[in-house]
Amino acid sequence: MTEYLKFTDTATGQPADGEYPYAVYRNQKIYRNGSQYFWYDQGVAHPIQGETTIQEIEETFGKSSSYEYYQNAYEFSKWVYDHLKDIKQNNIRTVVRKDDGSIEVTAGGTNLAFNAQNESIFDTTKDPEDPASIFNQHRIAVIKNSIETNLAAAINSYNSNANSFSYELPKLSEEEWDKVVNNVCMISFMQGMPIGGKYFNDYIVIPNDKNNEFVDADSIYLMTNDGKYHMPNCPLLVESNGSSVIGGYINTAFQRQTVDSTYYYRHMNNGTPYTPCYQCLVNSSGKYDLEEDIINNTGNSINGVGSIATLRQKYFSILGREKNNLYKTNN
């Protein structure tokens, strides 16, 4: 893996602008310049020192992040199956401390909107990311219940000290709940602002759907040897079995970067930034179904197209690497 870096000053021993290979070490991208290693922040290279640290970094460069991701995923799934496979909703215990100091224990998670009944919540034979899976529905119900319970408690506490206006828990639409439970979000509420003879009551949900802490299946862009980047289900890639794909990264890696008053792009093709494919990212027409045609297509072929085994292998390899290399960006 390589990235193009731009430096603010090369007169102090800094590496020159250009492509540098990197590996992710302890949630930080570490770049290699010959036999030297450094991390990068706002156009400044910070050298890595320490014999033991450098040895660990060198070992990291020699590992396959994609292989590690799928290996760890398998081991985690097996652990969940061995230890949690029999947990059902009636095993849940809700503990509430009452105003008089006593403790009330409720069994079965009866306060949740979704009732899994006698189904195993952690059934590893089914895809947990499937919206219809027991795990996903239970996950959503737990998140919604936690938010609503804590908001209701805060509002009731505030109302007990309010003089005139009575604050209430707002009702979010299903579309807004979908943003909340599937993204890092900020929810802002405003109630009780006088406007003439009425009060202004409203809220806003602000999701962060482009972050470096989570890699979704559709957040991977694949690069081709003609200097373009595509979505994995682009018809140009599918119908050529990904023969021109030379790499890929998370979508945020293709955004413009800024150092001082100049800007650059992390990924270059012979000195020119990769540009979006018109067919799938600009025009968005004729795309294949990512879920059905690519991800769940275990037969590795599509009628009228033929084999897509090479494309699927490249896509899953890049997806696994990016998921394994989650990092906190400093630029």
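1. Contact here means heavy atoms within 4.5 Å. On that basis, and leaving aside neighbours within four places in sequence, His 267 is in contact with Thr 2, Glu 3, Met 223, Tyr 249, Ala 253, Phe 254, Pro 273 and Tyr 274. This is a predicted model, where local features need pLDDT of at least 70 and side-chain atom pairs count only at pLDDT 80 or more, while totals for chains, interfaces and linings use all residues. Residues are numbered from 1 along each chain as its sequence is written, and side-chain values use heavy atoms, with hydrogens and water left out.

2. Staying with His 267: its place is in the loop between strand S14 (262-265) and strand S15 (268-269). Helices (H or I, at least four residues) and strands (E, at least two) are DSSP runs, numbered from the N terminus. His 267 counts as buried because its relative accessibility is 5%; the cut-offs are under 20% relative accessible area for buried, over 50% for exposed, and partly exposed in between (1.4 Å probe, protein chains only).

3. Now the partner at the start of the chain. Thr 2 sits in strand S1 (residues 2-5) and, at 34% relative accessibility, counts as partly exposed. Apart from neighbours within four places in sequence, Thr 2 touches Glu 19, Tyr 20, Pro 21, Tyr 22, Tyr 249 and His 267. How far is Thr 2 from Phe 135 in sequence and in space? They are 133 residues apart in sequence and 37 Å apart in space, C-alpha to C-alpha.

4. On to helix H2 (residues 65-84). Its 20 residues should span 28 Å at 1.5 Å a residue, and the end C-alpha atoms are 27 Å apart, which agrees. The expected span is 1.5 Å times one less than the number of residues. Buried in H2 are Ser 65, Ser 66, Val 80 and Leu 84. Seen down the axis of H2, these buried residues fall within an arc of 100°, so they line one face of the helix; the arc is that of the directions from the helix axis to the C-beta atoms. Exposed Tyr 67 and Tyr 74 are carried on the face of H2 turned away from the buried side.

5. What covers the buried residues of H2? Helix H8 (309-324) is included in the cover. The axes of H2 and H8 come within 7 Å and cross at roughly 80°, where axes are lines fitted to C-alpha atoms, for helices over the stretch in contact, and angles run from 0 to 180 degrees between N-to-C directions. H2 and H8 are therefore roughly perpendicular to each other (angles under 35 degrees count as roughly parallel, over 145 as roughly antiparallel, 65 to 115 as roughly perpendicular and the rest as oblique).

6. Who meets whom there? From H2 come Ser 65, Ser 66, Glu 68, Tyr 69, Tyr 70 and Asn 72, and from H8 come Phe 316, Ser 317, Leu 319, Gly 320, Arg 321, Lys 323 and Asn 324. Sorted by class, the contact of H2 with H8 has four nonpolar, six polar and three charged residues. For the classes, Ala, Val, Leu, Ile, Met, Phe, Trp, Tyr, Cys and Pro count as nonpolar, Asp, Glu, Lys and Arg as charged, and the others, Gly among them, as polar.

7. Helix H3 (residues 134-159) and helix H4 (residues 174-182) make another crossing, with axes that come within 10 Å at roughly 100°. H3 and H4 are therefore roughly perpendicular to each other. On the H3 side, Arg 139, Ile 140, Ile 143, Lys 144, Ile 147 and Glu 148 meet Glu 174, Trp 177, Val 180, Val 181 and Asn 182 of H4. The residues of this contact divide into six nonpolar, one polar and four charged.

8. H3 has 26 residues and reaches 37 Å from its first C-alpha to its last, close to the 38 Å expected at 1.5 Å a residue. Its buried residues are Ile 134, Asn 136, His 138, Ala 141, Lys 144, Asn 145 and Ile 155, and H4 is included in what covers them.

9. In H4 the buried residues are Trp 177, Val 180 and Val 181. They cover an arc of only 85° around the axis, which puts them on the same side of H4. The cover over the buried residues of H4 includes H3, strand S8 (184-195) and strand S9 (198-208).

10. Last, two backbone angles to look at. Asp 260, though not a glycine, has a positive phi of about 55°; its place is in the loop between strand S13 (256-259) and S14, and it is exposed, with a relative accessible area of 63%. Gln 42 likewise has a positive phi, near 50°, in a residue other than glycine. Gln 42 lies in the loop between strand S4 (36-41) and strand S5 (44-47) and counts as partly exposed at 44% relative accessibility. Most residues other than glycine have a negative phi.
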